[in-house]
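I opened this entry to record what I looked up, beginning with the sheet and moving on to the pocket and to single residues.

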Amino acid sequence: MVKTYILDFDGTMGDTRSLIVKTMQQTIAELGLPKRTDNQCASMIGLPLKQTFTDLIPMDDDMGNLCAETYTRIFAKNNVPGAVPVFPNVLDTIKKLYESGCIITIASSRRRQSLLNFIDEMKLNKYISFVVSASDVDRAKPFPDMVYNILEETKCKPDESIVVGDTTFDIEMGKSAGSLTCGVTYGNGTRVQLVQSHADYIINDFSELLNI
């Protein structure tokens, strides 16, 4: 039986795609970097912030740091209340899982304060037991470190946990840690990618977690 749910945020709980891509494009433009399409930018979602730029555009380490700093500044301006809608049935499903005795956690490549702000805005503080961000581990997704941290905190065995995410980075992270994995098709990844990453489950709606 699944006891601990390890949820991704971007593309799984919150529909941040348009906000992230907009901020990435503004960062690229401000720094005079080579143009990239919206889809190219979106394909980087799920990686640590600096890596989203260093993988997207050839650059040295200093420029990668500057991209991360610039993005963070612009994101703070763009992220007005209501800028990130919650995907359908996410809030109700999390509450039902919590009420059934499950432990709900989040493992996100998003920076901790940004993540905590979203949790507060969505009024989920009561239901989320533990949060791990990219800044809390030496190796972020797709490495298993985030899952290891959560399992240690929750005293849960890998096969009693399930990683839920929208990209191959999430599925790879979960599999590397020995957890069950579930891909959601409505986020930034595709069904084909989730199938190829050998996700244990694939769902089209967050509420389908209640049937696993």
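I began with the strand order and found an open sheet of 6 strands, in the order 3-2-1-4-5-6 and with parallel pairing. Strand 3 (128–133) and strand 6 (201–203) are at the edges with a single partner strand each, so one side of each is left without a neighbour in the sheet.

For my own record, helices (H or I, at least four residues) and strands (E, at least two) are DSSP runs numbered from the N terminus, and two strands pair if DSSP finds at least two bridges between them. Axes are lines fitted to C-alpha atoms, for helices over the stretch in contact, with angles from 0 to 180 degrees between N-to-C directions, and contact means heavy atoms within 4.5 Å.

The model is predicted, so local features need pLDDT of at least 70 and side-chain atom pairs count only at pLDDT 80 or more, whereas totals for chains, interfaces and linings use all residues. Residues are numbered from 1 along each chain as its sequence is written, and side-chain values use heavy atoms, with hydrogens and water left out.

**Strand pairs**

I then followed the pairs: strand 1 (residues 4–7) runs parallel to strand 4 (residues 161–165), joined by 4 bridges, and Thr4 stands opposite Ser161 in strand 4. Strand 1 is also joined to strand 2 by 4 bridges, again parallel, with Leu7 opposite Ile106 in strand 2. Strand 2 pairs with strand 3 in the parallel sense over 5 bridges, and Ile106 stands opposite Val131 in strand 3. Strand 2 has 5 of its 6 residues buried, so it is largely enclosed by the rest of the structure; buried means under 20% relative accessible area, exposed over 50%, and partly exposed in between (1.4 Å probe, protein chains only).

**Largest pocket**

How much space lies in the largest pocket? I read about 410 Å³, and of its 23 lining residues the closest to the centre are Tyr71, Phe75, Arg110, Arg111 and Ser114. A pocket here is an open set of points on a 1 Å grid over the protein atoms alone, where a 1.4 Å probe fits, with protein on both sides within 12 Å along at least five of seven lines, and lining residues have an atom within 4 Å of a point. Grid points are joined across faces, edges and corners, and the volume is the space filled by probe spheres set on the points. Helix 4 gives the most to the lining, with 4 residues.

**Single residues**

Where is Asp15? I found Asp15 in the loop between strand 1 and helix 1, partly exposed at a relative accessible area of 29%, and touching Val84, Pro85 and Phe87, not counting residues up to four places away in sequence. The C-alpha atoms of Asp15 and Val86 are separated by 6.0 Å, although the two are 71 residues apart along the chain.

I also noted that the peptide bond from Lys141 to Pro142 is cis, with omega near 10°. Lys123, in the loop between helix 6 and strand 3, has a positive phi of about 60° although it is not a glycine.
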